[in-house]
Amino acid sequence: MNVLNTYPEIDFKTSSVIQTAQLEKLKQLLYYVSENSTYYKNLFAENSIHVHSIHSLEDFQKLPLTTKADLAQYNEDFLCIPLSDVADFTTTSGTTGRPIASYQSRADLDRLAYNEALSMLCTGAGSEDVFQLMTTIDKRFMAGLAYYLGIQKIGAGIVRNGPGGIPLQWDSILRFKPTVLIAIPSFIPDLIDYAEQNGIDYKNSSVQKIICIGQPLRNEQLELNELGKAICSRWNVELYSTYASTEMATAFTECQAGKGGHMPSELIFLEVLDEKGNHVKNGEPGEVVITTLGVEAMPLVRYKTGDVCHYFSEPCSCGRTTPRLGPVIGRKNQMLKVKGTTIFPSAIYDAVEKVIPEPDYILEISLGDYSNDHITILIDNKHIAKAENLSVRLKSSLRMMPELKFTDKQTLRKLKFPEDVRKPLKFVDKR
Ligand SMILES: [Zn+2]
C-alpha cells in the first residue's frame, strides 16, 4: 500500500476549480447509477430524467432527493454490484430506526482508507503518530474499520483497544505511547477520573490529540461545548470533531483551526438545504444532503441525512476552501416546537450540562397541548439538590421551561441503553 502523507491540493484551490471537478464526478456517477442501480434506474424512469441532459450543478440540484425511508424500504435495490463482489457488510448505527444494510466493494474499502487518511492528515497527524482506537472495529460497524484502514494508509501505527475497559486503555497508553486517541468524547472524563484515582500521571502522558466520534464537542458558535470544556480543563489535549455516517462513507473532519469539519471534495458533494429545499447561506443551519463520489457498491444521489448542521462557506485559516459543517445540532425529526418557536435538542443539552454531567440525564419528548412538544428532562436523583440551579440555567438560556423529573439510576440506564443500540441515547421521542 502506498503511504499517503500530504493532503490533496484540490481542496486548497478556488471553489470554482473544486466545483468543476465535482461536476465531472457527479456526471460520471449519474451514468453509473442509471446503469447499475435498480433504485435510481426506476427513479429516473418514473421522473423522465435523462442523465445526458444534466450539464450543470443547477441541473443536478433539480434531481429528486433520496430519503432514509427510501434507503430502508428499497435497501438492496441501491446495490450496484453482484453480492458476490461485496467485500464488507455493514449496517448503519440505527439511531433513528432499524439499521440499514450498507455494502462495500474492495474498491470502496480503498476509498474508505483514503477518506480516513485525509481525515487524519486534516488534524495534522501523520506517519510518526501512534493511534489508539477506542471504538469498536466489529459489530457491523464501518467507522472502526475505516479508522484502521486510514491509519495504515498514512503509514502510522495503531493499538486496537476497542471501547470500554479503562484499565486496559491506560495499560496501552503507558506501554505503547499513543499520540492520538480515537474515542467517543463522553468516555474521556471517565478515563481521566480513573487516572486520578489510580495515580497515573496522565498530564504527562504521550497523548496529544483526541479525534472524537459520535458526539459533538462544539456549540453552534463553534466554541467548545460543556463536554469539550470538561475535557480540556482537565487535560491539555487537542480535540477534533468528526462528522460521518455509514451511508455517506465519508468524514467531515476539523483541521487545527477547529472551525467545523471540512468536506473532502474528491469524495462527497454537499448541499445544506432549508425547509423549502434551497441552499442555506454561510453561517446558517440546514439539513445535510450528500451525494457520494467514487462509491462503487452503494452510491447515493442527493441523500437527505436528516442531520441539521450549520454551513460555513468562507475559506478556512488552514488554507482549505472547502465548505465546513458545524456540529449536528439535531436530527430533522428531532426538531422541537414550543410556543411557536423551534428548538433543537443540542441547545437543551448545552444548558443542562452546565449543571448535570452528560451520562446522568435524558430528554423525553411527548406531544403536549396545542401541538406543542412537551419536553421532560429525566435526571439521576443523586443530583436532586441541583434542581433549583438547573431551573435558573434553563430559564435563562432557553426562554422556556422543560419539566424536570428525578428518577433512579436503573430506570435511566434502561432508557439510555435499549437493545440493539450502539451508543447511549440522550433523546427519547414519544411523539
Ligand atoms: Zn481548516
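Biologist: In the hairpin of β16 and β17, which residue in the turn has a positive phi?
Modeller: This is a predicted model. Strands β16 (residues 361-367) and β17 pair in the antiparallel sense over seven bridges. Five residues lie between the two strands of the hairpin. The turn residue with a positive phi, about 50°, is Tyr370.

Biologist: What is the bridge partner of Tyr361 in β17?
Modeller: Tyr361 falls within β16, which spans residues 361-367. β16 runs antiparallel to β17. The partner of Tyr361 in β17 is Ile379.

Biologist: Is strand β17 largely enclosed or exposed, and how many of its residues are buried?
Modeller: β17 covers residues 373-380. Buried here means under 20% relative accessible area. The strand is largely enclosed by the rest of the structure, because the buried count among its eight residues is seven.

Biologist: Which hand does the crossover from β17 to β18 have?
Modeller: β17 and β18 (residues 403-407) run parallel and are joined by five bridges. Across that pairing, Ile377 stands opposite Leu404. The chain passes from β17 through helix α11 (residues 387-398) to β18. This β-α-β crossover is right-handed.

Biologist: What is the geometry of the zinc site?
Modeller: The protein donors are Cys255 (SG), His262 (NE2), Cys316 (SG) and Cys318 (SG), at 2.1 to 2.3 Å from the zinc ion. Angles among the four donor atoms run from 103 to 115°. Four donors count as tetrahedral if all angles lie between 85 and 135 degrees. The site is therefore tetrahedral.

Biologist: How many residues apart in sequence are the parts tied together by His262 and Cys318?
Modeller: Along the chain the zinc donors follow the spacing C-x6-H-x53-C-x1-C. His262 lies in strand β9 (residues 261-262), and Cys318 in the loop between β12 (303-312) and β13 (324-331). So the pair ties together parts whose separation in sequence, in residues, is 56.

Biologist: Which strands stand at the edges of the eleven-strand sheet?
Modeller: The sheet is open and its pairing is mixed, with the order β4-β3-β5-β6-β7-β8-β9-β13-β12-β11-β10. An edge strand here has a single partner, so one of its sides is left without a neighbour in the sheet. The edge strands are β4 (157-160) and β10.

Biologist: In β11, what is the bridge partner of Ile268?
Modeller: β10 pairs with β11 (residues 285-292) in the antiparallel sense. Six bridges make up that pairing. The partner of Ile268 is Thr292.

Biologist: How are the rings of Tyr7 and Phe12 arranged?
Modeller: The model has twelve aromatic pairs in total. For Tyr7 and Phe12, the ring centres are 6.2 Å apart and the planes stand at 90°. Planes over 60 degrees apart count as edge-to-face. The pair is therefore edge-to-face.

Biologist: Is Tyr7 buried or exposed, and which residue lies over the face of its ring?
Modeller: Tyr7 has 12% relative accessibility, so it counts as buried. Its ring partner Phe12 is partly exposed at 30%. Over the face of Tyr7, at 4.1 Å from the ring centre, lies Arg320.

Biologist: How many residues apart in sequence are the parts that Phe60 and Phe269 tie together?
Modeller: These two rings form an edge-to-face pair, 5.5 Å centre to centre with 90° between the planes. Both residues are buried. Phe60 lies in helix α3 (residues 57-60) and Phe269 in strand β10 (residues 268-273), so the sequence separation of the parts, in residues, is 209.

Biologist: Where is Tyr202, and is it buried or exposed?
Modeller: Tyr202 sits in the loop between α8 (188-197) and β6 (209-212). Its C-alpha atom is 9.4 Å from that of Leu191, eleven residues apart along the chain. With a relative accessible area of 5%, Tyr202 is buried.

Biologist: Which residue of β2 is the bridge partner of Phe89?
Modeller: Four bridges join β1 (residues 88-91) to β2, and the two run antiparallel. In β2 (residues 101-104), Ala101 and Tyr103 point one way, Ser102 and Gln104 the other, and all are buried. The partner of Phe89 is Tyr103.

Definitions and conventions:
Residues numbered from 1 in each chain as written. Predicted model: local features only at pLDDT ≥ 70, side-chain atom pairs only at ≥ 80, totals over all residues. Heavy atoms only, no water. Phe/Tyr/Trp six-rings, centres within 6.5 Å; stacked < 30°, edge-to-face > 60°. Buried < 20%, exposed > 50% of the residue type's maximum accessible area, 1.4 Å probe, protein only. Lys NZ or Arg CZ within 6 Å of the ring centre and 35° of its normal. Pairing = 2+ DSSP bridges. Right-handed = clockwise from strand over helix to strand, strands pointing away. Donors = N, O, S within 2.8 Å, 3.2 Å for Na, K, Ca; no water. Tetrahedral: all angles 85-135°; square planar, octahedral: opposite > 155°, others 65-115°.
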